[in-house]
Amino acid sequence: IQSIHTLELPKLPDEGEGRLYTWCRFLDAEDEDELRGLADKDPVIEKAVGMLLKLSEDEVLRYREDMRQKARWSKMAREDFVHDQGKAEGLAEGKAEGLAEGKAEGLAEGEVKAQVTIAHNLKEAGLPFDIIAQSTGLSLDEVAGL
């Protein structure tokens with residue numbers, strides 16, 4: 001199950017604890033000094049601040065990172081599409097197989113009912129059980145039980 005959580009950065013309190021709070025402060029930082037202060041608190045955020053500052057300085061690096069991110073998003077979108085297509089095809093195939101099996105079972109039941117009806121009519125007409133069984137494909141016990 002997927003879920004979306006919304007964090008409203010303008011409503012972020014001035015004081016807080018924990019990793020989520022630190023990341024929210026990172027995303028809402030207004031200047032380089034604030035970013036460097038956050039970098040001192042967590043080595044992962046320190047790495048993110050370093051990358052952000054490096055990308056901010058070099059337009060070519062920023063462009064390359066944008067292209068890498070777009071490629072990652074495209075790959076994820078393709079994978080999601082292929083997954084959804086496979087799921088839809090599997091469901092369609094399953095429905096078709098189920099329908100075919102249901103029809104086959106329905107026809108088989110209909111044939112048995114027809115044989116029983118014919119056997120019953122032949123029995124009422126006074127034909128011998130062995131001839132009725134041979135004509136309908138029912139067993140002698142089945143004919144006798146009608």
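**Notebook: charges, rings and patches**

I began with E97, which is partly exposed at a relative accessible area of 44% (buried is under 20%, exposed over 50%, partly exposed in between, with a 1.4 Å probe and protein chains only). I noted that this is a predicted model, where local features need pLDDT of at least 70, side-chain atom pairs count only at pLDDT 80 or more, and totals for chains, interfaces and linings use all residues. Residues are numbered from 1 along each chain as its sequence is written, and side-chain values use heavy atoms, with hydrogens and water left out.

**Entry 1: the negative patch**

I looked up where E97 sits, and its place is in helix α4, residues 59-124 (helices are DSSP runs of H or I, at least four residues, and strands are runs of E, at least two, numbered from the N terminus). On the surface, E97 gathers with E89, E93 and E101 in a patch of negative charge. A patch takes residues with over 30% relative accessible area and no salt bridge, joining like charges within 9 Å and nonpolar side chains (Val, Leu, Ile, Met, Phe, Trp, Tyr) within 5 Å. Asp and Glu count as negative, Lys and Arg as positive, and His and the chain ends are not counted. The place of a charge is NZ of Lys, CZ of Arg, CG of Asp or CD of Glu.

**Entry 2: the nonpolar patch**

Next I looked up V112, V116 and L146, which form a nonpolar patch on the surface with about 190 Å² of accessible area together (by the Shrake-Rupley method with a 1.4 Å probe, only the protein chains shown counting as cover for residues). V112 has its place in helix α4. The relative accessible area of V112 is 44%, so I wrote it down as partly exposed.

**Entry 3: salt bridges**

How many salt bridges does the count come to? I found 7 (a side-chain nitrogen of Lys or Arg within 4 Å of a carboxyl oxygen of Asp or Glu).

I looked up R19 and D42, whose salt bridge has its closest N and O atoms 3.1 Å apart. This pair links distant parts of the chain, 23 residues apart: R19 is in helix α1, and D42 is in the loop between α2 (32-39) and α3 (43-57). Is D42 buried or exposed? D42 counts as buried because its relative accessibility is 11%, while R19, at 48%, counts as partly exposed.

Then I turned to helix α4, where R68 and E65 both lie, 3 residues apart, about one turn of the helix. Their side chains meet in a salt bridge of 3.2 Å, N to O. R68 is partly exposed at 43% relative accessible area, and E65 is partly exposed at 21%. I also saw that E65, R68 and R72 are linked in a network of salt bridges.

K75 and E79 lie in helix α4 as well, 4 residues apart, about one turn. I noted 4.0 Å, N to O, for the salt bridge between their side chains. K75 counts as partly exposed at 46% relative accessibility, and E79 counts as partly exposed at 46%.

**Entry 4: the aromatic pair**

I finished with the rings, and the count comes to 1 aromatic pair. The ring centres of W23 and F26 are 5.4 Å apart and the planes stand at 80 degrees, so I logged the pair as edge-to-face. Rings of Phe, Tyr and Trp (its six-membered ring) pair if their centres lie within 6.5 Å; planes under 30 degrees apart are stacked, over 60 edge-to-face, and the rest tilted. W23 and F26 both lie in helix α1 (residues 19-28), 3 residues apart, about one turn of the helix. W23 is partly exposed at 26% relative accessible area, whereas F26 is buried at 13%.
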